[in-house]
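Please keep the sequence and the three-dimensional view at hand while reading.

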Amino acid sequence: MTPDDFFRYAKENGASMVDLKFTDLLGTWQHCTFPIETWDESTFVDGVGFDGSSVRGWQAINVSDMVAVPDPSTAAIDPFFDEPTVSIIANIVDPETREDYSRDPRHVARKADAYLKESGIADVCYIGPEPEFFVFDQVRYEQTQNRGFYEIDSVEGQWNTARFEEPNLGYKPSYKGGYFPVSPTDTYHNLRTEMTLQLQKVGITVEAHHHEVGTGGQAEIDMKFEPLLQMADHFMWFKYIIKNVAKNHGKTVTFMPKPIFEDNGSGMHTHLSLWKDGQPLFAGDGYAGLSDMALHGIGGLLKHARAVLAFAAPTANSYRRLVPGYEAPVNLAMSKRNRSASVRIPMYVNSPKAKRLEFRCPDPSSNGYLMFSAILMAVLDGIENEIDPGEPLDRDIYEMTQVELDETAKTPTDLEEALDALDEDHAFLTKGDVFTDDLIETWIEYKMENEVLPLRLRPHPHEFFLYYDS
């Protein structure tokens with residue numbers, strides 16, 4: 001879509017406003033709205049100014065001016081504003097040098113795409129994520145010097161079987177018992193369908209939606225694979241639409257990986273394949289029907305997985321999910337069917353076009369631009385260096401001895417461990433200047449100062465249970 005196409009599109013849809021969106025370092029959309037008559041073709045070259053010092057992880061106050069340049073190809077009608085409004089995603093540039101901003105996550109994804117093409121290995125990376133989330137009726141939380149608590153509630157919560165509901169009909173998914181039930185146990189079918197229809201309106205193809213394993217309203221809506229940058233843009237739309245549809249129904253959605261104790265968390269299994277000249281590159285005669293290229297790519301992903309998880313499982317809460325016993329993929333190994341392995345090769349369809357890897361460690365709290373790019377860079381490093389993925393983990397982990405389990409590499413146990421891994425192992429990310437040292441250092445510093453250290457300072461409620469009478 002050209003600027004002319006943009007204005008024609010806006011006119012055809014009766015839009016009087018344009019909403020400019022961009023993504024901060026951590027993966028949250030920021031926006032500013034303009035009367036459409038204040039824009040012309042030059043806006044798509046000159047951009048619009050904003051304060052970069054007020055965006056998380058970006059500029060210092062003495063160099064705060066930044067420019068957002070709208071990308072006309074991303075235009076879509078926003079489904080939630082009363083007045084017809086065209087939404088458009090921007091790239092961020094420096095106002096003086098006019099260079100792309102190195103901490104703009106979308107710029108990282110654009111560079112990852114370019115690096116892939118320049119490598120000659122492939123010309124497109126397809127990404128297909130499976131985001132999970134919880135739909136709650138209420139959430140309350142607080143942290144002060146003398147008080148710290150959270151409380152969530154859901155009409156579907158197994159803990160509410162005795163609640164007075166006038167009447168309580170008892171259809172509550174049990175803990176770990178929410179996978180694929182029909183109504184009346186699944187009470188959110190219509191809500192997920194509305195979410196799906198709204199996603200389709202902005203150009204996202206949905207493959208399926210269903211209730212997930214957890215009680216308390218856990219859901220999954222799967223998007224059909226798309227090229228990396230387009231999928232990262234659509235993942236931003238995904239979160240925005242899911243949250244706002246829920247809000248319109250008096251519900252609240254969280255993509256927090258582990259909001260419920262002793263039940264499954266929310267992951268985002270991410271499928272990846274490489275293609276060149278319209279042909280898939282991952283099908284072959286090797287293990288699970290994979291090509292040598294695919295196996296080497298898995299080798300690179302497994303080698304660098306602990307560092308990749310600093311972007312793919314980027315919160316302290318992510319590591320409440322990555323623990324044994326809740327279908328979480330804590331073993332850094334590949335398998336064609338074992339869901340406890342971090343890299344699975346789906347075997348549903350044997351078509352060469354469907355051959356792909358599935359990285360099961362990521363969760364939906366991530367910034368898709370950074371996460372998808374980091375996964376791709378690890379895969380490319382494996383291909384370039386012909387990294388052996390090791391033996392597959394096809395056995396049931398519950399039948400393995402502790403010695404055997406200890407021989408399998410594991411995901412980090414907390415966010416600090418993942419950040420340390422990123423600090424020690426990031427040369428594969430900086431190839432082609434896809435990730436800059438500045439962005440990686442800023443990410444580690446921000447996460448340590450704003451998440452790891454503050455959590456370390458605060459007493460946990462369970463500590464009172466354990467130690468108050470010591």
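The sections below describe a predicted model, moving from its core to its surface and then to its salt bridges.

## The nonpolar core

In soluble globular proteins, nonpolar side chains tend to be buried together. In this model, the largest nonpolar core has 121 residues. The residues with the most contacts inside this core are Phe-133, Leu-274, Phe-359 and Phe-435. Helix 5, which spans residues 228-248, gives the most to the core, with 13 residues.

Leaving aside residues up to four places away in sequence, its contacts include Met-268, His-269 and Thr-270. Phe-359 also touches Leu-301, Ala-305, Val-308 and Leu-309, as well as Ser-342, Val-343 and Ile-375.

## A nonpolar patch on the surface

Some nonpolar side chains are found on the surface. Val-139, Tyr-141, Tyr-150 and Phe-261 form a nonpolar patch there, and together they have about 540 Å² of accessible area.

Tyr-150 counts as exposed because its relative accessibility is 55%, and the term applies to values over 50%.

## Cysteines

The structure holds zero disulfides. Cys-361 is accordingly in no disulfide, and the nearest cysteine sulfur, that of Cys-125, is 17 Å away. A pair of cysteine sulfur atoms must lie within 2.5 Å to count as a disulfide.

Cys-361 counts as buried because its relative accessibility is 0%. Cys-32, at 40% relative accessibility, counts as partly exposed.

## Salt bridges between separate parts of the chain

The count of salt bridges comes to 22. One of them joins Asp-24 and Arg-56, whose closest N and O atoms are 2.9 Å apart. Asp-24 lies in the loop between strand 1 (17-23) and strand 2 (29-35), and Arg-56 in the loop between strand 3 (48-51) and strand 4 (65-70), so this pair ties together parts that are 32 residues apart in sequence. Asp-24 is buried, with a relative accessible area of 1%, whereas Arg-56 is partly exposed, with 34%.

Another salt bridge links the side chains of Asp-71 and Arg-106, at 3.2 Å from N to O. Asp-71 is in the loop between strand 4 and strand 5 (76-77), while Arg-106 is in helix 3 (residues 105-119), so the pair connects parts that are 35 residues apart in sequence. Asp-71 counts as buried at 17% relative accessibility, and Arg-106 counts as buried at 3%.

## A salt-bridge network

The side chains of Arg-163 and Glu-165 meet in a salt bridge, with an N to O distance of 3.1 Å. Through salt bridges that share partners, Asp-153, Arg-163, Glu-165 and Lys-172 are joined into one network. Arg-163 is partly exposed, with a relative accessible area of 30%. Glu-165 counts as partly exposed at 22% relative accessibility.

## A residue of helix 11

Glu-445 lies in helix 11, which runs over residues 437-457. Glu-445 is partly exposed, with a relative accessible area of 47%. The C-alpha atom of Glu-445 is separated by 9.2 Å from that of Leu-419, and these two residues are 26 residues apart along the chain.

Notes. Residues are numbered from 1 along each chain as its sequence is written. This is a predicted model: local features need pLDDT of at least 70, side-chain atom pairs count only at pLDDT 80 or more; totals for chains, interfaces and linings use all residues. Side-chain values use heavy atoms; hydrogens and water are left out. A nonpolar core is a set of buried Ala, Val, Leu, Ile, Met, Phe, Trp, Tyr and Cys residues joined through side-chain atoms within 4.5 Å. Buried means under 20% relative accessible area, exposed over 50%, partly exposed in between (1.4 Å probe, protein chains only). Helices (H or I, at least four residues) and strands (E, at least two) are DSSP runs, numbered from the N terminus. Contact means heavy atoms within 4.5 Å. Patches are made of residues with over 30% relative accessible area and no salt bridge: like charges are joined within 9 Å, nonpolar side chains (Val, Leu, Ile, Met, Phe, Trp, Tyr) within 5 Å. Accessible areas come from the Shrake-Rupley method with a 1.4 Å probe; for residues, only the protein chains shown count as cover. A salt bridge is a side-chain nitrogen of Lys or Arg within 4 Å of a carboxyl oxygen of Asp or Glu.
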